[in-house]
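This briefing reviews selected packing and pairing features of one protein model.

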Amino acid sequence: MARHAFNKILIANRGEIAVRVIRACRELGIRTVAVYSAVDRAALHVLRADEACLLHPESSSAGDTYLNIERILEVARHCGAQAIHPGYGFLSENAEFAGAAEAAGIKFIGPRAAAMELMGSKTNARRAMQSAGVPFVPGSTGAVATLDEARAVAAEIGFPVMLKAAAGGGGKGMRLVRRPAELPSAFEAARSEALRAFGDDEVYIERLLERPRHIEIQVLADEHGNCVYLGERECSVQRRHQKVIEEAPSAAVSPAMRQAMGETAVRVAQAAAYTNAGTVEFLVDAAMNFYFLEMNTRLQVEHPVTELTTGLDLVKLQIQIAAGERLPFSQADIALRGHAIECRIYAEDPENNFLPSPGVIGRLIAPAGPGIREDSGIYEGFRVPLEYDPLLSKLIAYGATRQEALERLRRAVDEYFLGGIRHNLPLFRRVLRDPAFAAAEIDTGYLDRLLQGGLSQKPDEEAELVAAIAAAIFEWQHGEEAAAGSETANPDSPWKRAARQEGMRS
Ligand code: MV4
C-alpha cells in the first residue's frame with residue numbers, strides 16, 4: 001500500500017508537459033490543479049485540469065509566475081494539493097523549491113533536495129562519481145581556482161581542453177581551449193561568464209572529446225532502495241545545446257554496452273541516494289568509451305521514446321514512487337522492444353536563423369495513425385506566447401525497427417499541417433531524409449554540419465514538382481488575365497466550360 005496516496009496534484013508547469021502530467025493523473029484518478037500566467041489564460045493545460053489558478057494578476061514573466069516559489073506553494077496549500085509535479089525546466093531542478101515544498105508538507109514529485117543539490121554542482125557530482133568508481137571525462141576533480149592550477153591540470157591531461165562552469169550544465173558557460181596560449185584569456189572569460197550567468201565563478205577542466213555522441217540512461221529509483229535502468233536515449237542531434245531529435249535505442253549501443261552504461265547509471269543514482277526518475281548523461285567517444293557528464297534530476301522532454309520502447313508510463317511511475325510505493329518490477333523484468341524517434345516541434349523559423357515565432361495557431365492538422373504519438377500543448381486559435389520556451393509539441397514515431405520508426409515519422413511529418421506561425425517542420429523533412437541520419441551516422445556536431453549550407457540548399461524535388469504543376473494549371477486556367485488578378489475577367493475559363501459540359505452550375 002502507498003504510504004500517502006494522493007488525491008490532488010498541482011502541476012507547476014505549462015505546455016505539453018503539463019498536459020502530459022494531467023493525463024497520468026486522470027488515469028490514476030487523481031484531481032489536478034493547473035497554474036497559469038495571464039498570457040496562458042486559455043492554454044491547453046488550463047482547459048484540461050480539474051482546477052486552475054492564475055499566478056499573477058498582470059505579469060506573465062516566468063519569474064512572477066512559473067518560477068514564483070512562494071506563490072505556487074500558496075496555491076498548492078489553498079487548493080489542498082498533497083503533491084507537486086514540476087515537469088521539466090522552470091522549478092524542476094530547483095533544490096530550494098523541493099525543500100520548501102517538503103517543509104510545507106507537500107510532496108515534491110522528484111528526488112530529495114540533497115540529491116538535486118549534489119547534481120547541481122558539476123564539480124561535487126564529479127567528485128562523488130570518482131569515489132563511486134564511475135568513469136568520467138579526464139580533468140580536474142574539483143574546481144580550478146587559479147590560472148596556475150588550470151595550467152597544471154591542462155598540461156597533465158593535454159590540449160585541447162574544455163573549461164566548464166561548476167554551476168552550469170547543458171552547455172552554458174563552456175569554453176573550448178585549443179592551445180596553452182589561449183588558456184589565460186579563456187580562463188578569465190569562463191569565470192566571468194559563469195559569475196554572470198549563475199552567480200558563481202567556479203570552473204573546472206575536462207579533456208575535449210572530439211565529435212562525441214550524447215547518450216543518456218533513464219533510471220528509476222523508489223524510496224526503498226530499488227533502482228533500475230530503462231535503456232538509453234541517443235540525443236546527439238542538437239543545435240546550440242538544444243536537442244532536436246531523440247531516439248531509443250541508440251544505433252551505436254550494443255547489448256553489452258547498454259548493460260555496462262545502465263549498471264554505471266544505477267551506481268551514479270545510488271551514490272547520490274537518488275529517488276524518483278532521473279537521467280544520467282554520458283559523452284561517448286569514437287572508440288565507444290563512455291564518460292559520465294552530468295545527471296538530470298527531472299523528467300525529461302524526451303521521456304516518451306523510453307516509454308514506447310519499455311511499455312512503461314514514466315509519469316505514473318513517478319507519482320507512485322513519490323507516494324511511497326515500491327517499483328512494481330525489477331531489472332530482469334524490463335524488456336526493450338522496437339524503436340522510437342521523437343521530433344521536437346518548435347515555434348521557430350529554420351529559414352531565419354531559428355528566430356522564435358510566437359503568434360496564433362491557425363489551421364492545425366495533426367498526424368496520427370499506426371505508431372504515431374503526439375504530445376502537444378497547442379490547439380487551433382491558441383496564441384503561442386513569446387514569454388516561454390517555444391516548444392509546441394513532440395511528435396514521436398514507434399516501429400518494430402529503426403527503419404520502420406523512421407518511415408512512420410517521415411510520413412507523419414508530411415501529414416502535419418501547422419498554419420499561422422513559423423515552425424521547424426521543414427527541418428525534419430530535411431533531416432529525416434538525410435542519408436547520414438538514416439544510417440545513424442550522428443554525433444553532437446551532425447546538425448550544425450547539415451545546416452551549414454542552409455536548409456534550402458537541397459531543394460525538395462517533390463515540392464518543386466507540385467509547385468510547377470500548380471503554376472502550369474493556373475496559367476492554363478487564367479491565361480494572361482491571371483496577372484490582372486481578376487477572376488471574372490475570364491467568363492469562359494476551361495474549368496467553367498468543363499463544368500458546364502458536366503451539367504454543373506458555373
Ligand atoms: C563536452 C564536449 C566535449 N568534450 N565536454 C555540451 C553540453 C554540456 N552538457 C556538455 N557539452 C559538451 N561537453 C568535453 N570534455 C562536447 C560537448 C558538446 C555537446 C554535448 C552534448 C550534446 C551536444 C553537444 C554539442 C556541443 C558540445
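What covers the buried residues of helix H5 includes helix H4 (95–103), strand S5 (107–108), helix H6 (122–131), helix H9 (255–271) and strand S13 (290–296). Helices (H or I, at least four residues) and strands (E, at least two) are DSSP runs, numbered from the N terminus. The model is predicted: local features need pLDDT of at least 70, side-chain atom pairs count only at pLDDT 80 or more, and totals for chains, interfaces and linings use all residues. Residues are numbered from 1 along each chain as its sequence is written, and side-chain values use heavy atoms, with hydrogens and water left out.

**Helix H5**
- Ala115, Met116 and Met119 are buried in H5, which spans residues 113–120; buried means under 20% relative accessible area, exposed over 50%, and partly exposed in between (1.4 Å probe, protein chains only).
- Viewed down the axis of H5, the buried residues fall within an arc of 100°, so they line one face of the helix; the arc is that of the directions from the helix axis to the C-beta atoms.
- Ala114 and Glu117 are exposed on the other side of H5.

**Nonpolar cores**
- The largest nonpolar core has 64 residues, and Leu10, Ile245 and Phe437 have the most contacts inside it; such a core is a set of buried Ala, Val, Leu, Ile, Met, Phe, Trp, Tyr and Cys residues joined through side-chain atoms within 4.5 Å.
- Helix H3 (residues 69–79) gives the most to this core, with six residues.
- Domain 1 (8–109) and domain 3 (213–459) both give residues to this core, so it lies between them; the domain bounds come from an automatic or database domain assignment.
- Leaving out residues up to four places away in sequence, Leu10 touches Val33, Val35, Ile72, Val75, Ala76, Ala81, Ala83, Ile84 and His85, where contact means heavy atoms within 4.5 Å.
- A second, separate core of 34 residues includes Ala24, Cys25, Tyr88 and Ile334.

**Five-stranded sheet**
- An open sheet of five strands runs in the order S3-S2-S1-S4-S5, with parallel pairing; two strands pair if DSSP finds at least two bridges between them.
- Strand S3 (51–54) and S5 stand at the edges with a single partner strand each, so one side of each is left without a neighbour in the sheet.
- Strand S2 (residues 31–36) pairs with S3 in the parallel sense over four bridges, and the bridge partner of Ala34 in S3 is Ala52.

**Pro385**
- Pro385 lies in the loop between strand S20 (383–384) and strand S21 (391–399), and counts as buried at 10% relative accessibility.
- Beyond its neighbours within four places in sequence, Pro385 is in contact with Arg14, Val39, Asp40 and Pro358.
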